[in-house]
Amino acid sequence: MDETSVTGPERSLDLTAAEMRAMGYAVVDRLVDRIEGLDGAPAWRGATRAEMRERLAPMAPGEPTPFETLLEELAGAVLPYRGSVDHPRFFAFVPSCPTWPGILGDLLAAGLNVFQGTWLESAGPSALELEVLSWFKEWVGYPESAAGLLMSGGSAANLTGMVTARTERLGASWDDGVLYVSRQTHSSVERAARILGFRSDRIRTIAVDDGFRMRPAGLRRAIVEDRARGLRPFLVVANGGATSTGAVDPLAELAEVCEGEGAWLHVDAAYGGFAILADRGRAALAGLGRADSITLDPHKWLFQPFEAGCLLVRRGRDLVDAFHIMPDYLQDTEVERGALPDDAEVNFADRGPQLTRSFRALKIWLTVRFWGLDRIRESVARGIALAERAEDRIRRSPTLELLSPAALGIVCFHGPDGEAADAERIRRLSESGVGMISSTRVGGRYALRLCILNHRSRWEDVETVISHLERPV
Ligand SMILES: *Cc1c(COP(=O)(O)O)cnc(C)c1O
């Protein structure tokens, strides 16, 4: 006979209330201790594959292990070996510094395990997602007829925006469709083009000006030429904060070109978009609301834990039209379409590639409601101001030289003695544990790059890192 018992719950995977509480409190205590000790902890610790193999024996034993033992094992062998992207002196890549209400939001969302693909299964949580999206729509200057969804990140949002553009502008066949980017465009756009089946000869790279901004005249010329060749220009992807330099393309002028030429304008504002909450950022992002679609990453400058991305589409109908499918086994979940997409009950599965979706809106709602928008605005503005002060500091440095001025929290520069020495500066900083930065290329030149958008970073943190980089190697 089969040894599997079907007679009782005594061997289910449930725990007693006391056990669950003890384990939960232990996790919260460890998280709080980590945040409390962050300033004195290394910003980064790496390891080789061989070292990690030694620390972690791969096995899934048949017998149980006490939770505390597992937490200890993780704390010793796994968790120290990472970049702490929320460390006050982590200025590499794009930092992410969630606040405590957002972290608890993700914990709650996991515990509640909401299925947020259909309204039937998540009326309340879906309404909350619509509320969060309505905030974003207002912030970027979108009308009520816009629609969107929360996603895993900017890469997923770019892909989803590009599918929407392709469907709306090219219809069922897209072999002759052409899309336009610049040298500063994020790699996720090229990856999305690959996923969507666009050959590389259907992607045009438009030249940028001295400020790394796409040239509208060059764009128009390329579109006209492609049309003369019998191709169908359909999509322009512009930057609302380029990851390398923070540069913002001339959005209003690009919108002008796109409107004139019938191309869809998608603005990738994954990291930079929430700068719109600060005065300086709003000025830099002028014209954002004219885009046909926008990518935002709340897990960057809206202080959310991973993963939280967002796509907004100005004519929300286009998003639903691109993704709506109703299979038999979901027929119970069908909803009436309203006059505006967000007026009606929404099946979020009908707006993107995921059916099973987590309740990402919860952490964002908790963060913004808990702190209030004024405090969030202040924290975004501080990142912009710190980068401007860093620019000024670098300009006055006897050894460092500016390569690109502060733009939406990013500043690029180089040392006095070439690429290898600068790479060594980065390595020494990481190894010291004091902080972390990363490099990029600016106009073909190797560049040290600071990205400052952690609400926790103060001027002393920036100063400490810059003076570390000024040391001779
Ligand atoms: C970070 C970033 C992305 C990718 O977003 P993920 O959340 O990492 O998937 C895309 N575009 C820009 C401009 C970014 O800064």
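1. D176 has a relative accessibility of 23% and so counts as partly exposed. Its side chain meets that of R232 in a salt bridge, 3.1 Å from N to O, in this predicted model. The pair ties together distant parts of the chain, 56 residues apart: R232 sits in strand 4 (residues 232–239), D176 in the loop between helix 6 and strand 2. R232 is also partly exposed, with a relative accessible area of 29%.

2. D175 lies in the loop between helix 6 (154–170) and strand 2 (177–182). D175 is exposed, because its relative accessible area is 57% and the cut-off for exposed is over 50%.

3. An open sheet has four strands in the order 8-9-11-10, paired antiparallel. Strand 8 (401–407) and strand 10 (438–442) are the edges, each pairing on one side only. From one strand to the next the twist averages 30 degrees. Strands 8 and 9 (residues 410–414 for strand 9) run antiparallel and are joined by four bridges. E401 stands opposite H414 of strand 9.

4. Helix 14 (residues 373–395) lies across strand 8, strand 9 and strand 11 (445–451). The helix runs at about 165 degrees to strand 8.

5. R449 deserves a look. The residue is in strand 11. R449 is buried yet has no salt bridge. The nearest side chain of opposite charge is D297, 11 Å away. What does the side chain of R449 reach at 3.3 Å? The backbone oxygen of S244. A polar atom of the R449 side chain also lies 2.8 Å from the backbone oxygen of T243.

6. R393 forms a salt bridge with E463, the closest N and O atoms being 2.7 Å apart. This pair, too, links distant parts of the chain: R393 in helix 14 and E463 in helix 16 (residues 459–470), 70 residues apart. R393 counts as buried because its relative accessibility is 12%, against a cut-off of under 20%. E463, at 24%, counts as partly exposed.

7. The salt bridge between D279 and R282 is local. Its N to O distance is 3.3 Å. Both residues lie in helix 10 (residues 279–284), three residues apart, about one turn of the helix. D279 is exposed at 59% relative accessible area, whereas R282 is partly exposed at 39%.

8. The whole structure holds 41 salt bridges. D39, R89, R458, E460 and D461 are linked in a network of them.

Technical notes
Residues numbered from 1 in each chain as written. Predicted model: local features only at pLDDT ≥ 70, side-chain atom pairs only at ≥ 80, totals over all residues. Heavy atoms only, no water. Pairing = 2+ DSSP bridges. Helix = DSSP H or I, 4+ residues; strand = E, 2+ residues; numbered from the N terminus. Axes fitted to C-alpha atoms, helices over the stretch in contact; angles between N-to-C directions. Contact = heavy atoms within 4.5 Å. Buried < 20%, exposed > 50% of the residue type's maximum accessible area, 1.4 Å probe, protein only. Lys, Arg positive; Asp, Glu negative; His and termini not counted. Salt bridge = Lys/Arg side-chain N within 4 Å of Asp/Glu carboxyl O. Polar contact = N/O pair within 3.5 Å; in protein donor to acceptor, adjacent residues only side chain to side chain.
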